[in-house]
Amino acid sequence: MTILDGKKVSNDIKNEIKAEVDKMKANDEKVPHLAAVIVGNDGASLTYVGSKVRACERVGFESTMVRMSNTTSEVELLDKIEELNNNADIDGFIIQLPLPPQINTQKVLMAVNPDKDVDGFHPMNFGKMALDMSTFIPATPFGILELLERYQVETKGKHTVVIGRSHIVGRPMSILMGRKGFPGNSTVTLTHSHTKNITQITSQADVIISALGVPKFLKAEMVKDDVVIIDVGITRVADDSEKGYYITGDVDFENVSKKASFITPVPGGVGPMTIAMLLKNTLLAREQHRKNHR
């Protein structure tokens, strides 16, 4: 059994990006600039955005954190997005989700300039991804592809089962794993909360990508020997420890890992890859803008 070490691979990617940025600096070129917009005081969101800002520092990017209060109106947020769209210094930006209830998330994501949408959430980028055109791939799915590629996990002709159909992970993964090329060329089954006999489906899978958010949902008896497991879930579960909780994924790691050929740990698997690929998308955006302005 091989652990798909997202921590190690994400560090490798950050080092590669830093080398690119160092070259840019040596040539007196503009370095990539990532902005993050956060509305309100959601603890998890603040932690995420903080780690994105630190990651930018590490690779030599410029970063801007735009904090807006919990009472921000939809119009105010849309005005801010327009400002970022028109700011030539900013190569890419993200709107940290979730947004407060007074704001229509779909409307906000639609307002982001697709050329700066380094999260890959804009319908235009999602559509390009579905059509195999070059575009920004959402960071978590992009990270999963990168892990499979760097560990040379065979996907051609395999049966991939995706658990969960969110627009951020499940749906894009089901499209990407069926695309031509590597990783891809697999036969994909997308399962969700209304799927009947899910064990029957997962027990036939060569690759399982679980993005459900239900702690330890996937048990050893639900998988076959030598399965490849990608666990996207991350949940805090209360316990009696000093911290008061432990972090676990969708997979019963202790037992499933005994049957798996490859498996991602939680934490330290898919999570670190997400931030690394957001940086990669920002670097791609910078290169694209440079070409467009020649």
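Student: In S4, which residue is the bridge partner of Leu 34?

Tutor: This is a predicted model, in which local features need pLDDT of at least 70, side-chain atom pairs count only at pLDDT 80 or more, and totals for chains, interfaces and linings use all residues. Residues are numbered from 1 along each chain as its sequence is written, and side-chain values use heavy atoms, with hydrogens and water left out. Strands are DSSP runs (E, at least two residues), numbered from the N terminus, as are helices (H or I, at least four). Strand S2 (residues 33–39) runs parallel to S4 and is joined to S4 by four bridges, where pairing requires at least two DSSP bridges; the partner of Leu 34 in S4 is Gly 92.

Student: Are the residues on the two faces of strand S4 buried or exposed?

Tutor: In a regular strand, side chains alternate between the two faces of the sheet. In S4 (residues 92–95), Gly 92 and Ile 94 lie on one side, with Phe 93 and Ile 95 on the other. Buried denotes under 20% relative accessible area, exposed over 50%, and partly exposed in between (1.4 Å probe, protein chains only). Both faces are covered, and these four residues are all buried.

Student: Which side chain makes a polar contact of 3.2 Å with that of Asp 91?

Tutor: Asp 91 lies in the loop between helix H3 (74–86) and S4, and counts as buried because its relative accessibility is 0%. A polar contact is a pair of N or O atoms within 3.5 Å; within protein, one must be able to donate a hydrogen and the other to accept it, and residues adjacent in sequence count only if both atoms are side-chain atoms. The side chain joined to that of Asp 91 at 3.2 Å belongs to His 289.
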